[in-house]
Amino acid sequence: MSPMASVHSLWTISAEAPLKIEAPDIEYAQIAPVLIVLGAAVVGILFEAFLPRRARYYAQVGLTAVGLAAAFASVVAVAAGGYGTDKAQVAAMGALAVDGPALFLQGTVLLVALVSVLIFAERRLDPVAHGNRVDSFAAQAAATPGGAAEQAAVKAGFTTTEVFPMLLLAVTGMLVFPAANDLLTLFVALEVLSLPLYVLCALARRQRLLSQEAAVKYFLLGAFSSAFLLFGIALLYGYAGTVTYGGIAQVISGDLQQVEPSVAATMGNDALLLIGAALVLMGLLFKVGAVPFHMWTPDVYQGAPTPVTGFMAAATKVAAFGALLRILYVVLPGLRWDWRPVMWGVVIVTMMVGAIVAVTQTDVKRLLAYSSIAHAGFILAGVVATTPSGISSVLFYLLAYSFVTVGAFAVVTLVRDAGGEATHLSKWVGLGRRSPLVAAVFGIFLLAFAGIPLTSGFAGKFAVFKAAAEGGAGALVVVGVVSSAIAAFFYIRVIVLMFFNEPQAGGPTVAVPSALTSTAIAVGVVVTLVLGIAPQYFLDLAGQAGVFVR
């Protein structure tokens, strides 16, 4: 048969029996929050391409705020439709879970991002440069620090308004990350949330080199963690023959009715399962900032622009803990006796290292970085409880912690000297005498971090420690209380520095912010006090949302 005849034969066969590709069945209403934020990010990129430079700032701030608010409203609508409780389901062809934990964490991320946008948009803290107001971000990110191109960009009044679409893209990944219902979606979400953050960390207007160093460290270590996660995914696929959470859990528990012959040979190989699960957990613990995967945290928190640090410290933790909870409670409950002892060790070391090393810090941002490591340990204590109250306590703690963190970093942006932000603790001496209101607000946030009663920190710690004790992890509670006592020392030391020492001559000034940063700080204070004084409604809300769809 000639080549032409064979081609004709193939064509007639395909014409007689056409290949049918079924259209995917997507529940657009249930995944609307993700689609809204992603759509806003795409429109923001188009703004950068087509709007004149002078109009971009206001357009981007407005678009970002409206997009995040609309996405939060859609989360509330989906939850009100019962999808957080009795109608919980797996959507988008099995890729995303629409259930209580996913919706609760998505709502938290969106609120944190909305408050962070206010700090990103602040343009009153730095002095006016060449007749133009400036923000925290480099005038031209591609320019060499201190070079002629950067000086020309500052003189021309350029601003890096690309930070707003990048924030939206990071939020898109953070919304998918805790809701991912298969390992490939999890990995894609991890990259979508991480890549914009690597760029945002490099964009500080002051201390450009320190900022770029932080971004490179974050990128390199983040690439390592992504590689661990991807290798773990490959091993779990080799073990189970599927990347869906429910499918892997079924293979682990032995509930499968039919087994593919190609998979049957490897399904009994527990080495693939144990090593794969360990590598996936390593990738997630890096994002959480748990010891021994915490080394990036202090350098990145210190070098990144402070608005980015606040957003990253709060929102990334919320998304990462959501993903970690879903992996441990949905995919690996059958391995509980294998991962619990390891996680116990991680919890203990994380709490103690975070609290002890923070005592030696002399920079406010590094102190808050080690504080965040200690808090990761406290939250992990709730994770290893392996009870329904463990899930709800972690959800509540993440809500409480995220607003305290954003508020604290917003206050850090206000204390300034000639070089920009004055983050060395020696510069904060006597701040309470010079600016009582700002020092008092920062004191409230520090007391919340320390877990003092009538703050959200106390309610959160009480919830996770109670869940850990009920789950048989009483030893972790003892270590947690000791770590909290050590941590309280350095929080109260800062309060003593601010209020009980005389201010130094020529010390830093407290910049007067616009309504944007003032609103962000006020929201942080209100949430901190409300969750501390009357936490019951939010604890009940977290309890209702604490059931994963399987």
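This is a predicted model: local features need pLDDT of at least 70, side-chain atom pairs count only at pLDDT 80 or more; totals for chains, interfaces and linings use all residues.

Q: How are two packed helices described?

A: Two packed helices are described by the angle between their axes and the distance between the axes. In this structure, helix α3 (residues 53–83) and helix α6 (residues 163–176) have axes that come within 9 Å and cross at roughly 20 degrees. Because angles under 35 degrees count as roughly parallel, α3 is roughly parallel to α6.

Q: What is the handedness of the crossing of α3 and α6, and which residues make the contact?

A: The crossing of α3 and α6 is left-handed. On the α3 side, the contact is made by Q60, V61, T64 and L68. The residues from α6 are F164, P165, L167, L168 and V171. By class, the residues of this contact comprise 7 nonpolar, 2 polar and no charged.

Q: How should I decide whether a residue such as R326 is buried or exposed?

A: The relative accessible area is compared with a cut-off, and buried means under 20%. R326, found in helix α13 (residues 306–331), has 1% relative accessibility and therefore counts as buried.

Q: Which side chain forms a polar contact with that of R326, and which residues does R326 touch?

A: The side chains of R326 and D99 are joined by a polar contact of 2.9 Å. Not counting residues up to four places away in sequence, R326 touches A97, D99, P101, A102, P178, A179, A180, Y245, V331, F548 and V549.

Q: Where is T160 found, and what lies 2.3 Å from a polar atom of its side chain?

A: T160 is found in the loop between α5 (148–156) and α6. With a relative accessible area of 6%, T160 is buried. The backbone oxygen of A138 lies 2.3 Å from a polar atom of the T160 side chain. Leaving aside neighbours within four places in sequence, T160 is in contact with F137, A138, A139, Q140, A141 and L203.

Q: Turning to the backbone, what value of omega belongs to the cis peptide bond between V291 and P292?

A: For the cis peptide bond that joins V291 and P292, omega is about 10 degrees. P292 lies in the loop between α11 (270–288) and α12 (296–303).

Q: Which residues other than glycine have a positive phi, with values near 55 degrees and about 50 degrees?

A: One of them is M93, with phi near 55 degrees; another is Q207, with phi of about 50 degrees. M93 is placed in the loop between β1 (89–91) and β2 (96–98), and Q207 in the loop between α7 (183–200) and α8 (208–240). Exposed means over 50% relative accessible area, so M93 is exposed at 58%. Q207, at 56% relative accessibility, likewise counts as exposed.

How values were computed
Residues are numbered from 1 along each chain as its sequence is written. Side-chain values use heavy atoms; hydrogens and water are left out. Axes are lines fitted to C-alpha atoms, for helices over the stretch in contact, and angles run from 0 to 180 degrees between N-to-C directions. Helices (H or I, at least four residues) and strands (E, at least two) are DSSP runs, numbered from the N terminus. Angles under 35 degrees count as roughly parallel, over 145 as roughly antiparallel, 65 to 115 as roughly perpendicular and the rest as oblique. A crossing is left-handed if the near helix is turned anticlockwise from the far one by less than a right angle, and right-handed if clockwise. Contact means heavy atoms within 4.5 Å. Ala, Val, Leu, Ile, Met, Phe, Trp, Tyr, Cys and Pro count as nonpolar, Asp, Glu, Lys and Arg as charged, and the others, Gly among them, as polar. Buried means under 20% relative accessible area, exposed over 50%, partly exposed in between (1.4 Å probe, protein chains only). A polar contact is a pair of N or O atoms within 3.5 Å; within protein, one must be able to donate a hydrogen and the other to accept it, and residues adjacent in sequence count only if both atoms are side-chain atoms.
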